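Here are my notebook entries from a first look around this structure.

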Amino acid sequence: MKIFIVLCSLFALGFSKRLFHNDQVLRVHPTEGQRDLLEKLPETFPAIDFWAGPRGSGPVDIYVPRAFVGPVKVYLNRHRINNEIFVEDLQKNIDNERSPRPEQMDLASFDYNVYHTLDEIQQWIDDITASYSIATKVHEGFSYEGREFHAIKLSKGGFAKPAFVINCGLHSREWVNPATCMYAVKYFVEATTGSEESSILDDIDVYVTPISNPDGYVYTWTDDRMWRKTRSVNNKVCIGVDPNRNWDANWSGPGASASSCNDLYYGPSVMSEIEVQSQANFVASIPNVKAYIDIHAYSQYWMFPYGYTYTHADDYDMLNVIASDSAAAIQSVHGMTYQHGPISTVIYESSGSSADYFYDKQGIKCSFAAELRDTGRYGFTLPERFIQPTAEETFAGLKVISNYVAVGACS
Ligand code: ZN
């Protein structure tokens, strides 16, 4: 009987998890005219997923499940669209992303260079805010499945100092983002007197949210490593909404999908997602927010509004200077190149994004969206050895924004 129960548990565990054996990522180099053809590809192959492109000027990364690899290649070759296999076997990448380790529930031995479960991250938030007086745990909101999530307020005191809000983990499969946000908190709390980090906190308050889509994040650990959306049930065919197409910023416009099964689904109504509402209300409740950044991965971009239009934002010149300085600071750390510019120019038109919303609707002048490492070699399955360098260079970019806030450039 015992054996039967164990077998049943293993069955439940083993077969609930989505596997990606021999699924591939194709890197495609289309001519300008061929991008329209690529955009139509999901009509024939709904199971594919664009991880980069097809809009914009760069190469296009297409995730293709094993069963469709052959037919998709035939389609591409028939239309003479230049393509190569970029990831040969996605499951191998997932298997190589992290190594087995015991659960980490202790701040003293906490390893920042591994990916953490939601439970571990929540424990870490409790521990770090209990250990450092400048760090406070702040309630941000609840998820669809009822999980509470938090920000960490970093402040040396004073009333309504200019604030910089840093958000991570809106798209759940982008694991390097929460890891980077946690590193940013570590750098601030461990800063020595007289250091740049310490003097930033003399002038401004910083709020860091490591995980803003906790349901999706848990799901990437338990069921589907490539889950991007929320987990809301909308009486539609498929579950979840893209939480970065759901904001009140030209909602349901270009670069978002009306199909609930699409990873870019904009949702049943504007701001329908409780995670999105929570974050909007949370930021609105902070007095004097001058800067916001939503951190994503991958592609190595440092961007600003607008996403939903090619029209320049009123603050384009200033935002472009800050983004350019950030990209230079990032490059100075490990030599990585980050493109900078408006979201619509750097990637493609995308409506309903957080950076546009906070810029337009909450009047936060210095509003940014970043895409961290890499440029596609590992994509969402960036191995753990890259967490620290990614965090180090990202923090250099975040300090640039912080310093602009401190001198009043974003007011
Ligand atoms: Zn993202």
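Entry 1: I looked up Lys186 and found it buried, because its relative accessibility is 18% (buried means under 20% relative accessible area, exposed over 50%, partly exposed in between, with a 1.4 Å probe and protein chains only). Lys186 makes a salt bridge with Glu190, with 3.1 Å between the closest N and O atoms (a salt bridge is a side-chain nitrogen of Lys or Arg within 4 Å of a carboxyl oxygen of Asp or Glu). Glu190 is partly exposed at 42%.

**A note on the model.** I am reading a predicted model, where local features need pLDDT of at least 70 and side-chain atom pairs pLDDT 80 or more, while totals for chains, interfaces and linings use all residues. Residues are numbered from 1 along each chain as its sequence is written, and side-chain values use heavy atoms, leaving out hydrogens and water.

**Entry 2: further salt bridges.** How many salt bridges does a search of the whole structure find? I noted 19. In one of them, Lys399 pairs with Glu197, the closest N and O atoms being 2.8 Å apart. Lys399 belongs to helix H14 (residues 387–406) and Glu197 to helix H8 (residues 196–203), so this pair ties together parts 202 residues apart in sequence (helices are DSSP runs of H or I with at least four residues, strands are runs of E with at least two, numbered from the N terminus). Lys399 is buried at 14%, and Glu197 is buried at 14%.

I also checked Glu393 and Arg373, whose side chains meet in a salt bridge of 2.8 Å, N to O. Glu393 is buried at 0%, and Arg373 is buried at 6%.

**Entry 3: the zinc ion.** Which residues coordinate the zinc ion? I found His171 (ND1), Glu174 (OE), Glu174 (OE) and His296 (ND1), at 2.0 to 2.6 Å (donors are N, O and S atoms within 2.8 Å of the metal, or 3.2 Å for Na, K and Ca; water is not among the atoms, so sites may look incomplete). His171 sits in the loop between strand S7 (163–168) and helix H7 (176–189), and His296 in strand S9 (residues 289–297), so the pair ties together parts 125 residues apart in sequence. His171 is buried at 3%, and His296 is buried at 3%.

**Entry 4: a serine.** I finished with Ser326 in helix H11 (residues 316–334), which is buried at 0% relative accessibility.
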